[in-house]
Amino acid sequence: MDFSSVAAISTPYGRGAIAIIRISGENTLEILEKVFAPASKKSIDSYRAGQLIRGDIISEDGRMIDDGMAVFFKAPSSYTGENSAEIYCHGGILVSEEVLKAVFAAGAAPAGPGEFTKRAFINGKLGLTEAEAVINTIDAQTKDKLDLARSHRKGVLSAKIKDIYTS
């Protein structure tokens, strides 16, 4: 597994109120520090992990792209089990693409489809049935399918399988 940092826009493509750019990997904090300047002028690592921070999102050439929020999650207490972060910007197509471009310029590589869940699985944060349930949650078209996916994400199926093998 390549443990380089990856990033992607995690919200649907298009125009909306906000867009979320997710970053995960060992260099996440360094990347976030290059593209996000807290309004408080304090360093990002001085905040409690998981705390939402208000500030400016900065391009590679130092210009302000947008004002927004960011949150940093320290490994292993993140979805992927790695250092990870999310940047919240206004949800226009151009602004979210510019933020992602800045994140790439700061050292992240593009994340592949399902990359964050794959990393969570590899790092032991999710079992296989829980990882598969993530896409089932996203694709659910009925309340019953959503309920089933939710129970699988919570490990109900894994627990039943474990019981069969340990009985």
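**Exercise 1. Which residues have the most contacts inside the largest nonpolar core, and which elements give two or more residues to this core?**

Solution. The largest nonpolar core has 26 residues, and those with the most contacts inside it are Leu 32, Ile 87 and Val 103. The elements that give two or more residues to this core are S2, helix H1 (28-35), strand S4 (53-58), strand S5 (64-73), strand S6 (84-91) and H2, and H2 gives the most, with 5 residues. A nonpolar core is here a set of buried Ala, Val, Leu, Ile, Met, Phe, Trp, Tyr and Cys residues joined through side-chain atoms within 4.5 Å, where buried means under 20% relative accessible area, exposed over 50% and partly exposed in between (1.4 Å probe, protein chains only). Helices (H or I, at least four residues) and strands (E, at least two) are DSSP runs, numbered from the N terminus.

The model is predicted, so that local features need pLDDT of at least 70 and side-chain atom pairs count only at pLDDT 80 or more, while totals for chains, interfaces and linings use all residues. Residues are numbered from 1 along each chain as its sequence is written, and side-chain values use heavy atoms, with hydrogens and water left out.

**Exercise 2. Which residues is Ile 87 in contact with, leaving aside its neighbours within four places in sequence?**

Solution. Contact means heavy atoms within 4.5 Å. With those neighbours left aside, the partners of Ile 87 include Ala 19, Ile 21, Leu 32, Ile 57, Met 69, Val 99 and Val 103.

**Exercise 3. In what order do the 7 strands form the sheet, and which are the edge strands?**

Solution. The open sheet has the order S3-S4-S5-S6-S2-S1-S7, with mixed pairing; two strands pair if DSSP finds at least two bridges between them. At the edges are strand S3 (36-38) and S7, each of which pairs on one side only. Strand S1 (residues 6-9) pairs with strand S2 (residues 16-24) in the antiparallel sense over 4 bridges, and Ile 9 stands opposite Ile 21 in S2. S1 is also joined by 2 bridges to strand S7 (residues 109-110), running parallel, where Ala 109 is the bridge partner of Val 6. S4 and S5 pair in the antiparallel sense over 6 bridges, and in S5 the bridge partner of Ile 53 is Ala 70.

**Exercise 4. Is Ser 96 buried or exposed?**

Solution. Ser 96 is placed in helix H2 (residues 93-105). Its relative accessible area is 6%, so Ser 96 is buried. Not counting residues up to four places away in sequence, Ser 96 touches Ile 9, Ala 19, Ile 21 and Cys 89.
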